[in-house]
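Hi everyone, thanks for coming.

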Amino acid sequence: MADGICREDDNRGAGNKKLTKSKSGLRIIPINNTARSPFELKEPTWSPDKENPECSNGKCGQKFDFLKRRHHCRRCGQIFCAQCCQTRVMLPRMCFVDPVRQCFRCSDITNAENVFFNSSLKLLTNGAQFDVSSPERPVLCQTAVTSDHRFIRFEPTQGQAPPERVEVARILSTEVTQSTIEYAPGQTLPEAVVVLYRVPGSVEERQVRLSAGPHVNDWRLSANWIVALERALELVYEGRQPSQH
Ligand SMILES: [Zn+2]
Ligand SMILES: [Zn+2]
């Protein structure tokens, strides 16, 4: 059931983006709706001015008038005074071109996510080796998230037929097995992950097992790739929920 490795297809839409302006700022989004990143968050609905006589930061409570103006946090959509919403942070998950105004709570969340995007996500796209069972006999594959973040693709090291790629947005759950080897006292790393996912255009569920077994070239890299995948999926699952907090 392998559908092959197709770099062109993986990158479909990468150069196919358009600029669009929302009330929150300038955004750059794929023209093709299906090419959206699984990490993307919807822009929040802005809380109405009328319902907010004062700053939403409970510790502040500044009353608004003609001099004290309202400012919307671009991430949560709540209303704050200028001081409580003055931090401008890059928010790639909403596709803004420039840093946007965020409240204290949201800027903390966004900063933590940006650390992820700048480190763990690079690890995922650089890839690692795994024994991949789907559920046929394991095939040793270079395994990576595609540059548009939409798929996990498998490239067999011995030129075999590749296992079918997994669409990140259609992953349902994962089950991680920890190694029994301690790399520090009481600390272990994952040695395998089973990924349950839906096939594109279908409700059929399948699973694939990635094992950092004895054949992989860098066991620790593969283990850290699983850790990064778990973190990435937290963000993907969060993006599926209607509320952002
Ligand atoms: Zn906020
Ligand atoms: Zn305030």
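When I say buried, I mean under 20% relative accessible area, with exposed being over 50% and partly exposed in between, using a 1.4 Å probe and protein chains only. This is a predicted model, where local features need pLDDT of at least 70, side-chain atom pairs count only at pLDDT 80 or more, and totals for chains, interfaces and linings use all residues. Residues are numbered from 1 along each chain as its sequence is written, chains are lettered from A and ligands numbered from 1 in the order in which they are written, and side-chain values use heavy atoms, leaving out hydrogens and water.

Let's start with ligand 2. Which protein donors does the zinc ion (ligand 2) have? They are C55, C60, C81 and C84, each through SG, at 2.3 to 2.4 Å. A donor here is an N, O or S atom within 2.8 Å of the metal (3.2 Å for Na, K and Ca); water is not among the atoms, so sites may look incomplete. C55 sits in the loop between strand 2 (25-30) and strand 3 (71-72), and C81 in the loop between strand 4 (79-80) and strand 5 (87-89), so this pair ties together parts 26 residues apart in sequence. Strands are DSSP E runs of at least two residues, and helices are H or I runs of at least four, numbered from the N terminus. C55 is buried at 4% relative accessible area, and C81 is buried at 3%.

Now ligand 1. C73, C76, C103 and C106 give their SG atoms to the zinc ion (ligand 1), 2.3 Å away. Their spacing along the chain is C-x2-C-x26-C-x2-C. C76 and C103 are both buried. Thanks, all!
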